[in-house]
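Please look through the structure shown below before reading on.

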Amino acid sequence: MPAHLLANYQELLMPVRQFLRCDTPSAWLAVAKEPEHLALLLTDHLHCELKAAQSAGLLLRRYAVDDVAAEQLLQWLAPYEQKVYRGHLEPSIDLKSLSKNQAVPRLRLNQGEAWQHQLVDRMVLLMKEELHHFQQVWEIMEARKIPLQPITASRYAGQMLRRIRGSERGGLVDKLIIGAIIEARSCERFAALVPFLDDELAKFYVSLLRSEARHFEDYLALAELVAGDSISDRVDYFLDLEQKLIETPDSELRFHSGPVQ
Ligand SMILES: [Fe+2]
Ligand SMILES: [Fe+2]
């Protein structure tokens, strides 16, 4: 990897590492870097990109847009979901042309609070980028003849999502904080893997850092805007939990798992 790229990505990573409580443990990396686990990591990565887009879509449908726009969002995601969950696309659908913007719904809110407008602006862009990442991972898997396999989710996101508060606004703030943490960890983990990857993947993972770092900041800014008050208690709470999930032994290797034996 050229020196200027390395310097550049360390700089991008700085706010992310300052935010998170810990780096990826070397015990996780020792297993993840084994060539035999590459197919599993890429498959999980592909699922994570889709889940990132789905979660943003869910936030929009639940908190910001009307039924017509909600339907547009579902249709936008449908071909990607079809690909992952049924393993094939309708022959008439070409994933490449889908990501060239014509499928991006143009959502406009005629009314709503400032945070709802921000949510729409940020999350539509985020979905677009996650679906582009999905397509990039998919092309790499195809080129390497890695078949699309079903994969179970890691404990990581689920354990955090179980702690969301029940109140309307508090629940949304928690979801946005968790979104920020997942984006930050993804960014940190891409960077941690880079030294162990072949050139093509290393370049790809470095290219992902910029958008994932921005996604982390967007989620955090949205959480602050929605709360209208300090969110540091909730951020601390979820960061402590996240550190445990990253540092304690896990049963299966996944992109966001703890160390496995
Ligand atoms: Fe992504
Ligand atoms: Fe992201």
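What spacing do the donors of the iron ion (ligand 1) follow along the chain? They follow the spacing E-x80-E-x2-H-x78-E, where donors are N, O and S atoms within 2.8 Å of the metal (3.2 Å for Na, K and Ca), and where sites may look incomplete because water is not among the atoms. This is a predicted model, in which local features need pLDDT of at least 70 and side-chain atom pairs count only at pLDDT 80 or more, while totals for chains, interfaces and linings use all residues. Residues are numbered from 1 along each chain as its sequence is written, chains are lettered from A and ligands numbered from 1 in the order in which they are written, and side-chain values use heavy atoms, with hydrogens and water left out.

**The iron ion (ligand 1)**

- The iron ion (ligand 1) is coordinated at 2.0 to 2.3 Å by Glu49 (OE), Glu130 (OE), His133 (ND1) and Glu212 (OE).
- The angles among its 4 donor atoms run from 88 to 142°, and the site of the iron ion (ligand 1) is irregular; four donors count as tetrahedral if all angles lie between 85 and 135 degrees, four count as square planar and six as octahedral if opposite donors are over 155 degrees apart and all others between 65 and 115, and anything else is irregular.
- Glu49 in helix H3 (residues 38-63) and Glu212 in helix H9 (residues 199-227) are 163 residues apart, so that this pair links distant parts of the chain; helices here are DSSP runs (H or I, at least four residues), numbered from the N terminus.
- Both Glu49 and Glu212 are buried, a word that stands for under 20% relative accessible area, with exposed meaning over 50% and partly exposed in between (1.4 Å probe, protein chains only).

**The iron ion (ligand 2)**

- The iron ion (ligand 2) is coordinated at 1.8 to 2.6 Å by Glu130 (OE), Glu183 (OE), Glu183 (OE), Glu212 (OE) and His215 (ND1).
- The donor residues of the iron ion (ligand 2) have the sequence spacing E-x52-E-x28-E-x2-H.
- Glu130 coordinates both the iron ion (ligand 2) and the iron ion (ligand 1), and the two ions are 3.6 Å apart.
- Because Glu130 lies in helix H6 (residues 114-143) and Glu183 in helix H8 (residues 168-193), the pair ties together parts that are 53 residues apart in sequence.
- Glu130 is buried, with a relative accessible area of 1%, and Glu183 is buried as well, with a relative accessible area of 6%.

**Salt bridges**

- The count comes to 15 salt bridges, each being a side-chain nitrogen of Lys or Arg within 4 Å of a carboxyl oxygen of Asp or Glu.
- One of them joins the side chains of Arg122 and Asp218 (3.6 Å, N to O), and this pair links distant parts of the chain, with Arg122 in helix H6 and Asp218 in helix H9, 96 residues apart.
- Arg122 counts as partly exposed at 32% relative accessibility, whereas Asp218 counts as buried at 11%.
- The side chains of Arg144 and Glu200 also meet in a salt bridge (2.6 Å, N to O); Arg144 lies in the loop between H6 and helix H7 (155-161) and Glu200 in helix H9, so the pair ties together parts that are 56 residues apart in sequence.
- Arg144 is partly exposed at 26% relative accessibility, and Glu200 is partly exposed at 43%.
- Arg21, Asp236 and Asp240 are linked in a network of salt bridges.

**Arg185 and Glu242**

- Glu242 forms a salt bridge with Arg185, and the closest N and O atoms are 2.8 Å apart.
- Since Glu242 lies in helix H10 (residues 232-247) and Arg185 in helix H8, the pair ties together parts that are 57 residues apart in sequence.
- Glu242 counts as buried at 0% relative accessibility, and Arg185 is buried with a relative accessible area of 0%.
- Not counting residues up to four places away in sequence, Arg185 touches Leu20, Cys22, Asp23, Thr24, Tyr156, Glu242, Ile246 and His256, where contact means heavy atoms within 4.5 Å.

**Asp44**

- Asp44 is found in helix H3.
- Asp44 is buried yet has no salt bridge, and the nearest side chain of opposite charge, Arg254, is 4.5 Å away; Lys and Arg count as positive and Asp and Glu as negative, while His and the chain ends are not counted.
- Leaving aside neighbours within four places in sequence, Asp44 is in contact with Ile151, Arg254, Phe255 and His256.

Methods
Helices (H or I, at least four residues) and strands (E, at least two) are DSSP runs, numbered from the N terminus.
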